[in-house]
Amino acid sequence: MTLRAVHNYLRHALSRSPAGFYPLLAVYYLTYRCGCRCPFCSDGEGRPYWTLDDPALPAPRVLELLARIRRHTDHLVLTGGEPLEHPEVDAVLSGLPALGFDGVVLTTNALALAGHLGPIQRAVRYLVVSLSSLDEATADRWLGRPGALGHALGQIELARRTRPAGQEIIVSAVATPDNLEGLPALYRWSQARGFRFALCPQLVGVHPHPALRAAPAYRAMFELLLAEKRRGARVNGSRLYLEHMRDLTQFRCRPSTTLAVAPDGGVYYPCLELGQVAGNLLAEDLHAIRAAGLRRFGPEPACDNRCQSACALGFALILNHPASLLAEAGWVLRSKLGRGT
Ligand code: SF4
Ligand code: SF4
């Protein structure tokens with residue numbers, strides 16, 4: 001952990017809503033384009049990303065923007081849409097190592113992995129593949145064309161076989177009312193290949209899909225993940241995080257821990273989910289953008305029970321329950337020593 005990360009963490013630990021912007025993580029939406037048609041694809045207003053205007057930038061401007069982001073945080077998530085559909089994604093990825101982020105995350109639907117593997121392997125430490133069903137008919141429909149599941153699995157296998165030392169592959173699944181029965185098999189598939197498994201509920205806009213709360217299979221899946229976590233399996237999130245996901249409980253959000261940036265450099269305030277853009281990082285200072293957001297949109301809201309996503313819930317728990325972080329560190333140490341229970 002760098003000095004900057006400690007400094008930014010302390011800013012949030014000392015104030016629920018710091019005056020400046022001190023992100024623990026930046027999420028950059030490289031492009032909103034995507035050829036898939038996942039039923040759970042949704043921004044905070046319930047619109048699929050691929051329906052949004054896509055003001056994607058040319059690679060040199062993207063790298064200028066990422067250099068500005070780098071001044072404020074060590075950690076970067078490149079996402080979309082489907083980031084590999086950006087027309088100059090290889091040039092973007094090739095310029096990333098020089099910026100010196102401490103662990104780049106790339107999320108992808110995996111369909112175009114093979115064509116970009118070289119730059120991905122040089123730039124990306126955590127390769128997150130979105131995969132929510134192994135049922136061929138369901139997955140083909142969600143991925144947008146017949147045969148897409150088989151194609152995606154082939155690309156993921158290629159990435160696994162050729163991944164460089166230190167790169168981790170994470171399978172990221174979304175629990176919907178339509179795929180719950182197949183999630184245990186998807187989990188076992190990911191573990192058999194040495195992948196970490198991450199699971200989130202489908203959000204409709206900002207709220208969990210109403211059918212999930214009453215679905216025994218939803219709860220059972222998180223019980224399975226909690227049991228697997230206790231025995232040392234590669235499951236994303238602390239035990240407290242998994243319990244919150246299971247119960248879909250309300251939490252006190254800390255939105256300014258995450259810097260969410262639109263394809264054109266627009267900075268969301270206080271979060272992407274509320275859809276308010278406070279300024280453009282290519283033209284303005286980040287702290288000034290946050291001050292403008294506060295003036296224009298008011299203080300960060302106290303939200304109702306919503307936004308059970310990895311970033312919103314994960315960072316809220318780290319800050320509101322720092323002991324859970326220590327418990328997680330203890331669990332990692334025990335499992336590394338072969339005594340995980
Ligand atoms: S792969 Fe991602 S961006 Fe594309 S439709 Fe599915 S959820 Fe949306
Ligand atoms: S819960 Fe957090 S991420 Fe969701 S709308 Fe409220 S402030 Fe934004």
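How do helix 9 and helix 10 run relative to each other, roughly parallel or roughly antiparallel? Before I come to that, a word on the model. This is a predicted model, in which local features need pLDDT of at least 70 and side-chain atom pairs count only at pLDDT 80 or more, while totals for chains, interfaces and linings use all residues. Residues are numbered from 1 along each chain as its sequence is written, and chains are lettered from A and ligands numbered from 1 in the order in which they are written.

The pLDDT, which is the predictor's confidence in each residue from 0 to 100, averages 93 for the protein, with 95% of the residues scoring at least 70. Over residues 335–341, however, the pLDDT is below 50, and this stretch has eight contacts in the model beyond near neighbours in sequence, a contact being two residues whose C-beta atoms, placed from the backbone, lie within 7 Å.

Now to the helices, which are DSSP runs of H or I with at least four residues, numbered from the N terminus. The axes (lines fitted to C-alpha atoms over the stretch in contact, with angles running from 0 to 180 degrees between N-to-C directions) of helix 9, residues 216–230, and helix 10, residues 239–247, come within 9 Å and cross at roughly 170°. The two helices are therefore roughly antiparallel to each other, a term for angles over 145 degrees. On the helix 9 side, R219, F222, E223, L225, L226 and K229 meet R239, L242, M245 and R246 of helix 10.

Finally, F195 lies in the loop between helix 7 (183–192) and strand 6 (196–201), strands being E runs of at least two residues. Among the contacts of F195, leaving aside neighbours within four places in sequence, are I169, V171 and R234.

Key: Angles under 35 degrees count as roughly parallel, over 145 as roughly antiparallel, 65 to 115 as roughly perpendicular and the rest as oblique.
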